[in-house]
Amino acid sequence: MLVIPDTFTDRMQELHGEQGVAWSEALPKLIADSARRFDFSPQAPFSNLTYNFVLRATRSDGKPVVLKASFMKEELSREVSVLRAFEGRGAIQVLDADEEWGVALLEGADPGTPLSIIEDDSRATNIFCEVFRRLHLLAPTGRLYPSMKQHFAAIERYRKRFDDMSIAAPLPESWVENAEECLEYLITTTPENFLLHGDLHHENILRQGEEQWAVIDPKGIIGDIHFDTVQYLLNYEDRGGDCEQVLRSRIAIMADRLNLDPRRIAMWGVVRGVLEACWTIEDGGTDWHRGIQVTERFAKCLD
C-alpha cells in the first residue's frame, strides 16, 4: 500500500481543511483502483508535491507514465481539456482520465528535466520561444475557459473590498489605477483570442528525448497571446544579470523570435504584478511589495 507523505496531508489540510485530510487518506485506494483500471504499476510520488498528488508509474509495456490526482477536480478536468487541445503541439499526452475520480494518466517525460537546468539565459529563452511558437492555437469554440477579465478578477475584488471599507487600501493607488487602465486597454485591443497555457515557465517545460521539450500543467485561459510570456519572465529573474537587464533581454528575444509587441508584453507584466499583490492581500499576507516591484520593473520596459 502506497504511503502518502505527512507533509502532503498537512498541505491538504492547510488548503482544504478536514475534507482535504479525508481526501489524502483515501488516496491509496484511489491509486490502487486507478492502477487496475488504467493498467499501471505505481512507483514513487514526486518530491515537490503542492496542490496535487503526482505519482511516477510504469505501464505493463514498460512505458513510463504519471498519475495525477487532484482534490480540485474541475481544475484537473480543465487541465486535461487543454492538454488534449494542445495535442501534437508539444504538450504531454493525456493517456486516460476520469473526471469523477479526479485523476489523469499522463505520458511521462523522459528524461523529464526542466528548462531551468539550462543556466545560459539566452539559450533557455530561445528554447522557450520554440515551445511557445508551436503550442498556441486560436481559442476553440464550445469549451469554457476563463477569460482574461476573469483571470484578473482579484484586482476588481481588491477595489470593491477597500471601497466598501473605512480603512486605507494598502497598495499604492497610482499602480492599481495604472493596472486597471492597462488591463482595459489590453483586453479591448486584443485582435485575436488564443487558448493560453496560463503558467508557462521553466519548471513546466520538460525535456522529452534528446532535442524536444514538452509542456505540462496548463491552466487554460482565453486571451491575448502576449500574456503567455509573462510567467516565464517572472522566473529566475536575475539569471545572467540584474533583474531589469534580464527582463529587457528576454523581452527583446521574444519580440524578435515570436513577432510579438514588446510593449504589450511589458503592459501585461505591469498588470500581473498588481494581480500578484492583490492575491497576497486576499490570502492574508503582508508581503505585497514583491508584486509592486514586479510592476515597477515591467513599467521601466515601457520607457
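Here's a quick tour of this protein, from its overall build down to one histidine. The model is predicted, so local features need pLDDT of at least 70 and side-chain atom pairs count only at pLDDT 80 or more, while totals for chains, interfaces and linings use all residues. Residues are numbered from 1 along each chain as its sequence is written, and side-chain values use heavy atoms, with hydrogens and water left out.

**Overall build**
- You'll find 11 helices and 11 strands here (DSSP runs numbered from the N terminus: H or I for helices, at least four residues; E for strands, at least two).
- With 303 residues, a compact globule would have a radius of gyration near 19 Å, and the protein agrees at 20 Å (taken over C-alpha atoms; the rule is 2.2 Å times the number of residues to the power 0.38).
- Along the principal axes, the C-alpha atoms fill a box of roughly 55 × 50 × 40 Å.

**Inside and contacts**
- Of the 303 residues, 50% count as buried (under 20% relative accessible area, with a 1.4 Å probe and protein chains only).
- Take the contacts between residues at least 6 apart in sequence: 69% of them join residues at least 24 apart (contact means heavy atoms within 4.5 Å).

**A closer look at His201**
- His201 sits in the loop between strand 8 (194-196) and strand 9 (205-208).
- His201 counts as buried because its relative accessibility is 11%.
- Its side chain reaches the backbone nitrogen of Glu203 at 3.1 Å.
- Leaving aside neighbours within four places in sequence, His201 is in contact with Gln231, Tyr232 and Asn235.

Technical notes. A polar contact is a pair of N or O atoms within 3.5 Å; within protein, one must be able to donate a hydrogen and the other to accept it, and residues adjacent in sequence count only if both atoms are side-chain atoms.
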